[in-house]
Amino acid sequence: MPNKRHDNKPRKKSEGFLEDFQSFLSEVDKLFPASEYLDIVGDFLESYTKGNYEDAYEQLASTSPLRQGHSSEEWVARRREWNAAAHPARFRIAFIEDTEDIDDVEKRLTDEDTFEQPVVEVGWSLQFAETPLTSQLPELPTATAILKETGRHWFWTRYTLVEEDDEWFIDRMIDEGANTLKLESTEIEQRLDTIAELASQRLTTMEEDEDFDDEEDEEDEDEEDEDLDDEEFMDTLLEMEEAFRVMTKGTHYNDALIAQSPDSDTEPYEQNVRQAMVTNDMERAAVYLQQLAEHFPEQQSKAKEQLGLAYYGIAQAYEEEDEDEEGDQGNKDEGQHFKELAEKTLRNAIEVDKSIVAYLALAKLVFAQDRLDDARTLLQEVQSLSPDQKQLADIELGLGLIAKKEEETEQALSHFQRVAELNPDYEALWYNIGVLQSKLGRYEEAIANLKRNIETSPEQTAAYVELASIYTTQRTLAKARQVLQEGLQWDSEAPDLLAELSIVYIQGNDLRTAHKYLQQAEDIDDEHELVQKARALYNERRVQQRAVINPHKPQPPRQHKKKK
């Protein structure tokens, strides 16, 4: 399957971080040797949530209460019965840690039971439907939060391990989520204070590290110490992982406060929304936004604005999963369902409070569905609601994108230039202006603006491609090659840069070099539009070249064979 991680659209600098934060944290574990204990617990949860119940049973100690005294056949049959009714799916681990590696301050967040056995702590979640059998399975803990639309349940558990015949197995499960829900509110507040203390310590440590690094850079500007850089990078990853773990525990404590007094204070909801947004967990954000709108009428409009955006984020996650799983119909249906929920929620926010944020979010949503007239109507309506300067820039940007899609180039350029007056730091603004100027043949202006985009956002490959295309049109091929090579220094595996470089060499009749870059591009993503364009142009030139060499024997174009 071709690699789909590259496209030819500029992205916000923060966008990739927010989209990939959870998967990034899961990848961190691969950089560090996991303990045997973590492997055992992780493998148990993975086997259980994927329906491999025979394997899950074998990972439990012979005396584990989780076996309920049943034989493997009895235990597995009961879980399969539950699976058939509950349809568990989309298991996620938020954190997993050997408690020996947790510092003393963080250990105060759980009851001070001391175990001689190894203990592994896990924050995890799973989608499934509630069934009467759920409460009869001791390995299924109590959820501190549930999103009814997806059936996702969030858990916090600890597992003790025991050695049998020189091998380690899971003995007991301690349901930290259930324990948290039973705590007195004063105890919960104390533990949240501990979390705030931990967060402050980590922030101070990271700031001190940054100051120290700056001092070292000033002293040793010309010295490179790659080993030290790698060590500092690993330390940063560990600090981020620790921060995420502590943040997740704080979310569970806020869940307990909400369960005890759902109408007393908005702060636990708002904290959990912020934390969910930071990690791009739109399902969890939706849980608290729904409850905010329900329990605090004065917060309803703002909560529904954010809830609509959260629903749309869930829809996008299903669509991305659908791409990975090659067109799963269930994901398509779920994605469409959440788009409809998002639109309904945002329209409700507009009706209640004429919310400018909801107008802009809804315009973005319908634009993404190619409903250009609906998007334009929404943006024109919101212009009469006294938007601030930033919102005016958003409106002009939206109108510019609509005009661009309708190929109204002059009109689109006018809107983007208005954006430049209102907010010149807008992401990809100068790229869009440069593209439109290029279409109008205003090449010198386009070149200046594309260079400006590259200077401010050098990681955006599309600007290099567009600038090289202009140079190719002007037959200054050396400049085109140079700008693409500069882009490849930022991203050596960008298929659009490699394909455009192949096209430049084709235009210079250097088919050997063109083929080298074309092969590299196809190895990365042979379905990319620009890669396919380069292949078609290369095949056409090869036919022409062979016709010149042997005019009496025309040759068919060679087809590129995809790698299996």
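**View 1. Y311 and I314 in the largest nonpolar core of the predicted model.** This core holds 47 residues, and Y311 and I314 touch the most other members. The elements that each supply at least two residues are β3 (145–147), α9 (267–278), α10 (282–295), α11 (300–324), α12 (329–353), α13 (356–368), α14 (372–382) and α15. Helix α13 gives the most, with 9 residues.

**View 2. The contacts of I314.** Neighbours within four places in sequence are left aside here. I314 is then in contact with L147, M282, E283, A286 and F338.

**View 3. Helix α16 and its cover.** Helix α16 comprises 14 residues, 409–422. At 1.5 Å a residue it should span 20 Å, and its end C-alpha atoms are 20 Å apart, so the two values agree. The buried residues of α16 are T409, A412, L413, H415, F416, V419, A420 and L422. Helices α15 (389–405) and α17 (429–439) are among the elements that cover these buried residues.

**View 4. A499 in helix α21.** The helix runs through residues 495–507. A499 has a relative accessible area of 0%, so this residue counts as buried, the cut-off being under 20%. With neighbours within four places in sequence left aside, A499 is in contact with A521, L530, V531 and A534. H528 lies 29 residues from A499 along the chain. The C-alpha atoms of A499 and H528 are separated by 9.2 Å.

Methods
Residues numbered from 1 in each chain as written. Predicted model: local features only at pLDDT ≥ 70, side-chain atom pairs only at ≥ 80, totals over all residues. Heavy atoms only, no water. Helix = DSSP H or I, 4+ residues; strand = E, 2+ residues; numbered from the N terminus. Expected span 1.5 Å × (residues − 1). Buried < 20%, exposed > 50% of the residue type's maximum accessible area, 1.4 Å probe, protein only. Contact = heavy atoms within 4.5 Å. Core = buried A, V, L, I, M, F, W, Y, C linked by side-chain atoms within 4.5 Å.
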